[in-house]
Amino acid sequence: MNPDPSLCSAILEQSADAIIYADREGIIRRWNLAAERLFGFAAGQAVGQSLDLIIPERLRAPHWAGYHRAIAAGQTRHAGKPTLTKALHSSGETRYVEMSFAVVTGAAAAVVGSVAIARAAKPPAR
């Protein structure tokens with residue numbers, strides 16, 4: 001059974017967690033309302049931009065190395081387990097977020113991009 005596209009869109013938009021879909025090149029293609037609240041960028045500001053929009057500069061090199069490795073392999077290193085990391089807010093400040101990642105496949109199991117699901121997180125205890 002193929003789900004109703006309007007129902008899929010409603011689920012995406014009404015999710016309590018931020019949902020971000022990026023294509024193989026790391027360009028943001030979907031950005032839900034929870035992502036707007038968490039990162040401070042409206043969908044119109046985020047869609048079409050690089051994921052660098054929310055990745056602190058010092059984390060970009062390792063992020064892109066892992067991203068390209070996951071796209072090539074068709075799976076993430078963490079297998080969907082949440083990861084605590086820092087992200088950029090539209091204000092310019094960094095915030096802790098808990099994110100899980102998955103590679104997205106389309107027709108004939110071809111990798112088409114990735115999805116991240118995120119929520120605000122507390123800084124780690126020191």
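Visitor: Why is Val 103 called buried?

Guide: In this predicted model, Val 103 has a relative accessible area of 18%, and since buried means under 20%, Val 103 counts as buried. Val 103 has its place in strand E4, and, leaving aside neighbours within four places in sequence, Val 103 is in contact with Ala 70, Gly 74, Gln 75, Thr 76, Val 111, Gly 113 and Ser 114.

Visitor: Why does Asp 23 count as buried?

Guide: The relative accessibility of Asp 23 is 11%, and buried means under 20%, so Asp 23 falls under that cut-off and is called buried. Asp 23 is placed in strand E1, and the C-alpha atoms of Val 103 and Asp 23 are separated by 9.8 Å, although the two residues are 80 apart along the chain.

Visitor: Which residues does Asp 23 contact beyond its neighbours within four places in sequence?

Guide: With those neighbours left aside, Asp 23 is in contact with Arg 29, Tyr 67, Val 112 and Gly 113, where contact means heavy atoms within 4.5 Å.

Visitor: What makes up the lining of the largest pocket?

Guide: The largest pocket has a volume of about 780 Å³, and of the 29 residues that line this pocket, the closest to its centre are Pro 62, His 63, Gly 66, Tyr 67 and Phe 101. By class, the lining has 18 nonpolar, eight polar and three charged residues, and helix H4 gives the most, with eight residues.

Visitor: Which residues touch the most other members of the largest nonpolar core?

Guide: Of the 26 residues in this core, those that touch the most other members are Ala 18, Ile 20, Trp 31, Phe 39 and Leu 51. The largest share of the core, five residues, comes from H4. As for Leu 51, not counting residues up to four places away in sequence, this residue touches Ile 20, Ala 22, Gly 26, Ile 28, His 63, Trp 64 and Tyr 67.

How values were computed: Residues numbered from 1 in each chain as written. Predicted model: local features only at pLDDT ≥ 70, side-chain atom pairs only at ≥ 80, totals over all residues. Heavy atoms only, no water. 1 Å grid on protein atoms, 1.4 Å probe; cavity = no way out; pocket = protein on both sides within 12 Å on 5 of 7 lines; lining within 4 Å. Points joined across faces, edges and corners; volume = space filled by probe spheres on them. Helix = DSSP H or I, 4+ residues; strand = E, 2+ residues; numbered from the N terminus. Nonpolar A, V, L, I, M, F, W, Y, C, P; charged D, E, K, R; others polar. Core = buried A, V, L, I, M, F, W, Y, C linked by side-chain atoms within 4.5 Å. Buried < 20%, exposed > 50% of the residue type's maximum accessible area, 1.4 Å probe, protein only.
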